[in-house]
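Me: I want to learn how to read accessibility and helix packing in a model. Please take me through one.

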Amino acid sequence: SSSSSSSSSSSSSSSSSQPSPSSITRPNNSPNPWEVHKFGGASLADASLYKTVGDLLIRESRGRVLPSPSADDSPTTTTTASGPIPTMAVVSARAGMTDQLVRVVDSALQDMTQAERELDLALSGQLSILRSLASPSIADPIAARMEKDAKDILSVVQSLRMIRSVPPSVMEVVTGFGEIWSAQTLYAYLKEGGVRVAWLDARDVLIVKSEGNA
């Protein structure tokens, strides 16, 4: 299973479009294609819910037992195993995190000290969940990245008092860290359990281009 921080997508059809190669749709010669799950913030409100989501992904990735019709039309039902299923999760920020990060941005317009307090509150809540889900060997490097992210957030919002406004791009950048932190937290829980897992920062692969007034 794998976790992704956030996702946006668009699709279009064309007679010249080519199907994705099986190496993408069925990685590692899997007998099954990817399954993608989306979890909103309410599903990730606390450590116990991260565990619930993680355990669900583990169960799904192990595959299912499917009923299959009997060859001689007898009433006996036979079953077949689906085999392992490549499983991906797209996660939102944990419940309340986006509002906390919005307050960081809004506070920076008037009082950087208050903005720092709001950011400390947001970060400490996520770190608390992270450390309850994974041992230090897994949690510490992730916590260090989150703490660096927090410094980057402060660098971004410090200029807001000068321009006395909040560009939409700034709000999007700051609130987007909630999804990044959430994905890494879920990743830590799965890795702690010995799951073969990776997390993907969607900013590395998804690019939205703005053209004109669109």
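Me: Is L200 buried, partly exposed or exposed?

Reply: Buried means under 20% relative accessible area, exposed over 50%, and partly exposed in between (1.4 Å probe, protein chains only). L200 has a relative accessible area of 39%, so L200 is partly exposed. Keep in mind that this is a predicted model: local features need pLDDT of at least 70, side-chain atom pairs count only at pLDDT 80 or more, and totals for chains, interfaces and linings use all residues. Residues are numbered from 1 along each chain as its sequence is written, and side-chain values use heavy atoms, without hydrogens and water.

Me: Where does L200 sit?

Reply: Helices (H or I, at least four residues) and strands (E, at least two) are DSSP runs, numbered from the N terminus. L200 lies in strand β6, residues 198–200. The chain has seven helices and six strands.

Me: Why does the length of α3 agree with its residue count?

Reply: The expected span is 1.5 Å times one less than the number of residues. Helix α3 (residues 97–108) has twelve residues, so it should span 16 Å; its end C-alpha atoms are 17 Å apart, which agrees.

Me: Which residues of α3 are buried?

Reply: An α-helix has 3.6 residues a turn, so residues three or four places apart point the same way. In α3, the buried residues are M97, Q100, L101, V104, V105, S107 and A108.

Me: What do the buried residues of α3 pack against?

Reply: Contact means heavy atoms within 4.5 Å. The buried residues of α3 pack against α4 (112–133), α5 (136–157), α6 (160–163) and α7 (168–192).

Me: How much of the chain counts as buried?

Reply: Of its 214 residues, 39%.
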